[in-house]
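Have a look at it first, then read on.

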Amino acid sequence: MNKETKLKDEITQKIGVLTRRETEARILVPFFQALSEKFGKEEVAPILEKTIMDLSRIQGAELSKKYGSGVDSFLETLQFWTQDGALEIDVLEKNEKKLDFDVTRCKYAEMYNALGIQDLGAILSCNRDAAMIEGFNPKASLDRKTTIMSGGKCCTFRYTFDET
C-alpha cells in the first residue's frame with residue numbers, strides 16, 4: 001500500500017464512506033452536469049461509470065491485500081460501508097464459499113434521493129459493488145437482483161467465492 005492509498009484509507013475511516021460519497025457527489029454531479037450539457041449525457045455517463053468501476057476494482061484489490069480474499073475477510077471490510085449506520089444488513093447465509101445478505105436500510109440511497117440525484121446513485125455507489133468484489137477476489141462474484149436505489153424494498157447481495 002503506497003503512502004497516498006494509506007492516507008485515503010485513514011481519511012475514509014475517520015469520516016466514513018457515507019460522508020465520503022456525499023462529498024464526492026457534491027463535487028462530481030455539477031461537473032457531470034456541465035459535461036453532459038456540453039457533450040451529451042449519453043457520452044459522459046459511460047465515462048463516469050467506467051472510471052468509478054475501475055477505481056472500485058483497485059479499492060477491492062487494496063482491501064484484499066490488507067484483509068485477505070475470503071468470505072470472513074470480505075465480511076470484515078463491510079465495517080467501512082456500514083459505519084455510522086449507513087447500511088442495515090441482515091446476513092442470511094455465510095460459509096466459506098458463500099455470503100448472502102440483504103441491505104434493509106441504505107442511507108446512501110436516502111442521501112442521493114435527498115440531493116435530488118437518485119438517478120445517478122447507481123453509477124456513484126451501487127455499481128461499485130460488483131467491480132469491488134472483482135478486485136477483492138477475481139474468483140468471487142456478486143449476483144444482485146434488486147436495490148433500494150432502484151425502488152426495491154431491499155438490496156439483495158449474493159456473493160459466491162470459488163477459490164480464495
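1. Ground rules first. This is a predicted model, so local features need pLDDT of at least 70 and side-chain atom pairs count only at pLDDT 80 or more, while totals for chains, interfaces and linings use all residues. Residues are numbered from 1 along each chain as its sequence is written, and side-chain values use heavy atoms, with hydrogens and water left out.

2. The sheet. Four strands make an open sheet, ordered β1-β2-β4-β3, with antiparallel pairing. Strands here are DSSP runs of E of at least two residues, helices are runs of H or I of at least four, and both are numbered from the N terminus; two strands pair if DSSP finds at least two bridges between them. β1 (87-95) and β3 (140-143) each have a single partner strand, so one side of each is left without a neighbour in the sheet. From one strand to the next, the twist averages 20°.

3. β1 with β2. These two run antiparallel and are joined by 8 bridges. They form a hairpin with 2 residues between them. Across the pairing, I89 stands opposite V103 in β2.

4. β2 with β4. Here 6 bridges join β2 (residues 98-106) to β4 (residues 155-161), again antiparallel.

5. Axes are lines fitted to C-alpha atoms, for helices over the stretch in contact, and angles run from 0 to 180 degrees between N-to-C directions.

6. The cavity. There is 1 cavity of 30 Å³ or more, and the largest cavity holds about 300 Å³ of space. A cavity is a set of points on a 1 Å grid over the protein atoms alone where a 1.4 Å probe fits but cannot get out, and lining residues have an atom within 4 Å of a point. Grid points are joined across faces, edges and corners, and the volume is the space filled by probe spheres set on the points.

7. Its lining. Of the 22 lining residues of the largest cavity, W81, L87, S125, D129 and F157 are the closest to its centre. The lining of the largest cavity divides into 16 nonpolar, 2 polar and 4 charged residues. At least two lining residues each come from α2 (17-39), β1, β2, α7 (118-126), α8 (128-136) and β4.

8. Aromatics. The whole structure has 9 aromatic pairs (ring centres within 6.5 Å). One of them, F101 with F157, is stacked (planes under 30 degrees apart), at 4.8 Å centre to centre and 15° between the planes. F101 is in β2 and F157 in β4, 56 residues apart.

9. M53. This residue lies in helix α3 (residues 41-67). M53 touches N127, R128 and A131 (heavy atoms within 4.5 Å), not counting residues up to four places away in sequence. M53 and E134 are 81 residues apart in sequence and 10 Å apart in space, C-alpha to C-alpha.

Key
1 Å grid on protein atoms, 1.4 Å probe; cavity = no way out; pocket = protein on both sides within 12 Å on 5 of 7 lines; lining within 4 Å. Nonpolar A, V, L, I, M, F, W, Y, C, P; charged D, E, K, R; others polar. Phe/Tyr/Trp six-rings, centres within 6.5 Å; stacked < 30°, edge-to-face > 60°.
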